[in-house]
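Please read this briefing beside the sequence and the 3D view.

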Amino acid sequence: MKITRLRIRRLTGTLTTDGPMWEDRLVRPIDIYPEHRRDPWRQGGQQIDERHFRVTQDFLDIETDAGITGRAGPLWPDAARLVLTQLAHLLIGQDPTATELLWDQMHRFQVHGRQGDAMIALSSVDCALWDIRGQAFGQPIWRLLGGPTREAVPAYASMLGYAVEDMGRVRDRALAFKAQGYTAQKWFFRHGPMSGHEGLHRNVALVRTLRETLGEDYDIMLDCWQSMNFDYAVRLCERIEEFRPRWLEEPFMPDRIDTHAKLKAKTRIPLSGAEHEYTRWGFRRFVDAGALDILQPDIYWCGGLSETLKIAALATAHDLIVIPHGHSTPIGIHFTVAQSPIHTPYQEYLVKWNDINMHFLAHPLRPVNGMLGLPAAAGANMALDPAKIEQESEVMV
Ligand SMILES: [Mg+2]
C-alpha cells in the first residue's frame, strides 16, 4: 500500500447550543496584563446567537492506492498548512503502515519544528496513519496496541467553559454532571497572581463549593492553565489542601520545570501537567526532575499516538500516571484502553471541546453513565456526517 495524496478539507457547520457555548473562560498566562485580563474567549468557532455556534474546522485526509483513507482532525489552520508545505512530500509514495519510519523522517526533516504548530502537524499525520493501519488490518486501533485492558473507561468531566464565578451555577452544574454518572470533575480557575486577594478568595471559593457540593467521595481536579507563579501557587495550595483535590494541573508554563519541582516539595496535592509539552525528550525533563505526578500529553500535539506511547512507557517506568489531555476522544480512547488501569485510571472528557471537535463525526464517542466504551469500528472511527457539513472547500497552498 502506498500513500497517494494528502488533502485538507475545510468544513463549516453549526452547533445548536443551550445558551452561549462559552459562559466563562480560564485564567491565561497573559492575564497578568490588565488589558488582556478583560479579553473575551473566542475559541473553536463563533457564537451567532444564543442557540447557535458556527464552526469551521480542517480535517486531514491521507489517501492510499488501496482505497483506504486515514483521517485526523480537527487541526487548526496554521498546522494544517504545515502538513501540506512541510510533510506531504515526505509521505507521498510511502507505505502508510510504516509509522515509525515516517515519524522519524518527519521529525528529522523539520529541524526547526520540535514543538508548536510543526509538531501538531506531525501529530495529525501520525494519527491519520494509525487510522489507515487500523483499517488495513480491519481492527480498531486499541486492538493493534494490545488492548483492551478493560471493557470501559471512567471519563472525568472537564468543565472548561462553564460559569465559575456564580457559585449557584457551579453547584447546579456539578450536581448535574454527578447525576450523569461522572465520578470525577475538573474545573478551571479564572484568576491568577495579578488578581490579588479578591481573585485568590474566588479561586478558593470555587474549590470549597465543589467539595461541599460533590461530597467526600468524589475526585475533584483543578486546572491553572500555566498561569500561576510560585508564590501564588504555594498560597493557593495552602488554602485548598483541606479540600483534597485529586490533582492541581499545569500551575506554571512548561519550561519552568524547576518551579514545578519546588512546588511539589511544598504541597501534598499531586501535580499534573505538560499538556503543552512535546515529544519523549520534552517529557523526559519532567520525569528526570520528578516535577509531576501525572503526565498529560496531548495526542494531537505531543507527536501523535506513536509518541504518546513512548512517553507513557518512559513515565510508567517511573510509576507516574499518564492521562492524555482530552479534547480528542476518538483517538484518546485507543490509547487509554491499551494502558494499565493503574497508570491510566481516567480519560479526560472536555465536555464543550468534544462537542465542538466531534461535531462533524458520524459516530462521536460520548460517555454513557460516565464511562467511555470501546469503539468497534476498524481504525479510528473518523467517518464524517455529510448532514453536518454546510460548506466544504479544500485548502490549497
Ligand atoms: Mg489542562
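A search of the whole structure finds zero disulfides, a disulfide being a pair of cysteine sulfur atoms within 2.5 Å. This is a predicted model, in which local features need pLDDT of at least 70, side-chain atom pairs count only at pLDDT 80 or more, and totals for chains, interfaces and linings use all residues. Residues are numbered from 1 along each chain as its sequence is written, and side-chain values use heavy atoms, with hydrogens and water left out.

**Cysteines**

- A disulfide is a covalent bond between the sulfur atoms of two cysteines.
- Cys302 is in no disulfide either, as its nearest cysteine sulfur, in Cys127, is 8.5 Å away.
- Cys224 has 1% relative accessibility and counts as buried; Cys302, at 0%, is buried as well. (Buried means under 20% relative accessible area, exposed over 50%, and partly exposed in between, with a 1.4 Å probe and protein chains only.)

**Magnesium site**

- Which residues coordinate the magnesium ion? They are Asp223 (OD), Glu249 (OE) and Glu275 (OE), at 2.1 to 2.2 Å.
- Donors are N, O and S atoms within 2.8 Å of the metal (3.2 Å for Na, K and Ca); water is not among the atoms, so sites may look incomplete.
- Along the chain, the donors of the magnesium ion have the spacing D-x25-E-x25-E.
- Asp223 in strand β7 (residues 219-223) and Glu249 in strand β8 (residues 247-249) are 26 residues apart, and the pair links distant parts of the chain. (Helices, H or I with at least four residues, and strands, E with at least two, are DSSP runs numbered from the N terminus.)
- Both Asp223 and Glu249 are buried.

- An α-helix has 3.6 residues a turn, so residues three or four places apart point the same way.
- In helix α3 (residues 99-109), the buried residues are Thr99, Leu102, Trp103, Met106 and His107. They cover an arc of only 130° around the axis, which puts them on the same side of α3. (The arc is that of the directions from the helix axis to the C-beta atoms.)
- The cover over the buried residues of α3 includes β1 (3-16), α2 (77-91), α4 (116-137), α10 (279-289) and α11 (304-316).
- Ser306 lies in helix α11 and is buried, at 3% relative accessibility. Apart from neighbours within four places in sequence, Ser306 is in contact with Thr99, Glu100, Trp103, Asp126 and Trp130. (Contact means heavy atoms within 4.5 Å.)
- In helix α9 (residues 257-266), Ile257, Thr259, His260 and Leu263 are buried. Seen down the axis, the buried residues of α9 fall within an arc of 160°, so they line one face of the helix.
- Asp258, Ala265 and Lys266 are exposed on the other side of α9.
- The buried residues of α9 are covered by elements including α8 (230-240), β8, β9 (271-273) and α10.

- On a 1 Å grid over the protein atoms alone, a cavity is a set of points where a 1.4 Å probe fits but cannot get out, and a pocket is an open set with protein on both sides within 12 Å along at least five of seven lines; lining residues have an atom within 4 Å of a point.
- Grid points are joined across faces, edges and corners, and a volume is the space filled by probe spheres set on the points.
- How many cavities of 30 Å³ or more are there? The count comes to five.
- The largest cavity holds about 70 Å³ of space. Of its 13 lining residues, Pro324, His325, Gly326, Gly332 and Gln347 are the closest to its centre.
- The largest pocket holds about 820 Å³. Among its 40 lining residues, those closest to its centre are Gln43, Trp76, Trp301, His327 and Trp353.

**Backbone details**

- Most residues other than glycine have a negative phi, and most peptide bonds are trans.
- Gly73 and Pro74 are joined by a cis peptide bond, with omega about 0°; Pro74 is in strand β4.
- Another cis peptide bond joins Gly147 and Pro148, with omega about 5°.
- Gln226 is not a glycine, yet has a positive phi of about 65°. Gln226 is buried, with a relative accessible area of 9%.
- Arg244 has a positive phi near 50° and is partly exposed, at 41%.
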